[in-house]
Amino acid sequence: LLQFDWQLLGRRLLDSAQDVEDIDREETKEQHKREKVLLKWKKQKGSGATYQKLTDTFKEVGNMDTAEKVEQLAVEGMMDTTCSKKCLLKIALLQFDWQLLGRRLLDSAQDVEDIDREETKEQHKREKMLLKWKEQ
């Protein structure tokens, strides 16, 4: 799993340092903090929240691996130009395990348990969770 310094990224993407402090106070898990930075950025910037801006920012903060992965997702057509919430959660998938995302995205915790029981490979679990989310 790729990692990034959510505070450094947040200071570059978000409107104020207070936003970063609020996220740090509100969330206890690093994964949640990373996700919240991305979603808050999308909310603040709207159509200005593009994958190109995100990629450039990852490069500026020295996180070339994540920047390359975001670019790869864009080239593969898995992301839209304006970085919708859905594409941000695809990026978040690079940072979090599928169960954590599933519990946040799916309608019930039972869906996550069903996927875990039905699939054996982690990749299949991630894919099934995203497909189920898309169907909701």
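Start by selecting Lys45 and Asp15, whose side chains meet in a salt bridge (3D contact of 2.6 Å, N to O). A salt bridge here is a side-chain nitrogen of Lys or Arg within 4 Å of a carboxyl oxygen of Asp or Glu. The pair links distant parts of the chain, 30 residues apart. Lys45 is in helix H3 (residues 30–45), and Asp15 is in the loop between H1 and helix H2 (17–26). Helices (H or I, at least four residues) are DSSP runs, numbered from the N terminus.

The model is predicted: local features need pLDDT of at least 70, side-chain atom pairs count only at pLDDT 80 or more, and totals for chains, interfaces and linings use all residues. Residues are numbered from 1 along each chain as its sequence is written, and side-chain values use heavy atoms, with hydrogens and water left out.

Now check the surface. Asp15 counts as exposed at 51% relative accessibility, while Lys45 counts as partly exposed at 34%. Exposed means over 50% relative accessible area, buried under 20%, partly exposed in between (1.4 Å probe, protein chains only).

Next, select Arg12 and Glu60. Their side chains form a salt bridge at 3.0 Å, N to O. Arg12 lies in helix H1 (residues 6–13) and Glu60 in helix H4 (residues 51–60), so this pair ties together parts 48 residues apart in sequence. Arg12 is partly exposed at 42%, and so is Glu60 at 46%.

Move to Glu26 and Lys36. Their closest N and O atoms are 2.7 Å apart, in another salt bridge. Glu26 lies in helix H2 and Lys36 in helix H3, so the pair ties together parts 10 residues apart in sequence.

Last stop: select Asp24, Glu30 and Lys33, linked in a network of salt bridges. The whole structure holds eight salt bridges.

Technical notes
Helix = DSSP H or I, 4+ residues; strand = E, 2+ residues; numbered from the N terminus.
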